[in-house]
Amino acid sequence: MEKPGCNSPHSSKEIQPLHYLSRDEAGAIERELLEEFRFGPQQLIEIWGHSCAMAVTKVFPLRSLPKKQPTLLVICGCEQNGAIGLACARHLRVFEYEPTIFYPKRSPNPLYRDFTTQCEKMDIPFLSYLPAEVQLISDAYNLVIDAMLGVESNLGDLAETYVSILSTLKQIRIPLVSLDIPSGWDVETGTSDGISPDVLVSLAAPKQCATRFMGKHHLVAGRFLPYDVQKKFELNLPEYPGTECVVAL
């Protein structure tokens, strides 16, 4: 049987409801990509980081930013979501934004260190601490990108560092963008003592917690997923217009 368009497994059929992934399903998709389709871990992080940067440019074009300088703050965790945030920051710098990174617990993983080095070589500044006074953050930046805690994070074992950061982010009054999972949210139930982002960028496909997202913009970055993966996991992703790598839900 001939396959429909690369990213349209249901293009000739009635559109089915979007599938929201559990933690296990998200892990299974990533293993499928790594083991069966031979994607590399760095390759996936790079794809997702670029897609997240594109999502930011769509919701917050340079000309729409209220401050004279196109500043933004990217807060990165020590696991994969943090590495995606680093890649996102680097792409935003290429797109002429002015990112600053707060990376309080740097990962010893050599792969993640590579993304850190790339940002440093592009003269992206790193903060040594996050101001506790939220007005300082609001005055300095147009928006904040939350790349702290992802699918892989255990909410029951949060370091005091992240608890403090979440407490600060709950109070900010500038737009907040979360990558894949809003930090502090349970992946599956969406129960949260975490933040309330204005924008959510789901990676590959939305996770179950996204059903509780009440922000203004929800985008999904899954165009790169092979047709067979989309079909196997019954993702029912929306069609991507033109050459877009992200699409609004």
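Predicted model: local features only at pLDDT ≥ 70, side-chain atom pairs only at ≥ 80, totals over all residues.
1. The axes of H1 (residues 23-36) and H2 come within 10 Å and cross at roughly 125°. Axes here are lines fitted to C-alpha atoms, for helices over the stretch in contact, and angles run from 0 to 180 degrees between N-to-C directions. The crossing is right-handed; a crossing is left-handed if the near helix is turned anticlockwise from the far one by less than a right angle, and right-handed if clockwise. Glu30, Leu33 and Leu34 of H1 make the contact with Pro41, Leu44 and Trp48 of H2 (contact means heavy atoms within 4.5 Å).

2. Residues are numbered from 1 along each chain as its sequence is written, and side-chain values use heavy atoms, with hydrogens and water left out. Helices (H or I, at least four residues) and strands (E, at least two) are DSSP runs, numbered from the N terminus.

3. Gln80, Ala83, Leu86, Ala87 and Arg90 in H3 meet Tyr112, Phe115, Thr116, Gln118 and Cys119 in H4.

4. The strands form an open sheet of eight, in the order S3-S2-S1-S4-S5-S6-S7-S8, with mixed pairing (two strands pair if DSSP finds at least two bridges between them). The edge strands are S3 (126-127) and S8, each of which pairs on one side only. S1 (residues 71-76) and S4 (residues 144-147) run parallel and are joined by four bridges, with Val74 partnered by Ile145 in S4.

5. Strand S7 (residues 217-221) has four of its five residues buried, so it is largely enclosed by the rest of the structure. Buried means under 20% relative accessible area, exposed over 50%, and partly exposed in between (1.4 Å probe, protein chains only). S6 (residues 199-203) pairs with S7 in the parallel sense over five bridges, and Val199 has His217 in S7 as its bridge partner. Two bridges join S7 to S8 (residues 247-248), and these strands run antiparallel; Val220 stands opposite Val247 in S8.

6. Two residues illustrate the contrast between buried and exposed positions. Ser202 lies in strand S6 and counts as buried at 0% relative accessibility. Pro108, in the loop between S2 (98-102) and H4 (110-121), counts as exposed at 68% relative accessibility.

7. The largest nonpolar core has 60 residues, and Ile101, Ile145 and Val177 have the most contacts inside it. A nonpolar core is a set of buried Ala, Val, Leu, Ile, Met, Phe, Trp, Tyr and Cys residues joined through side-chain atoms within 4.5 Å. Helix H2 (residues 41-59) gives the most to this core, with eight residues. Apart from this core lies another, of 18 residues, among them Val134, Ile137, Ile174 and Ile195.
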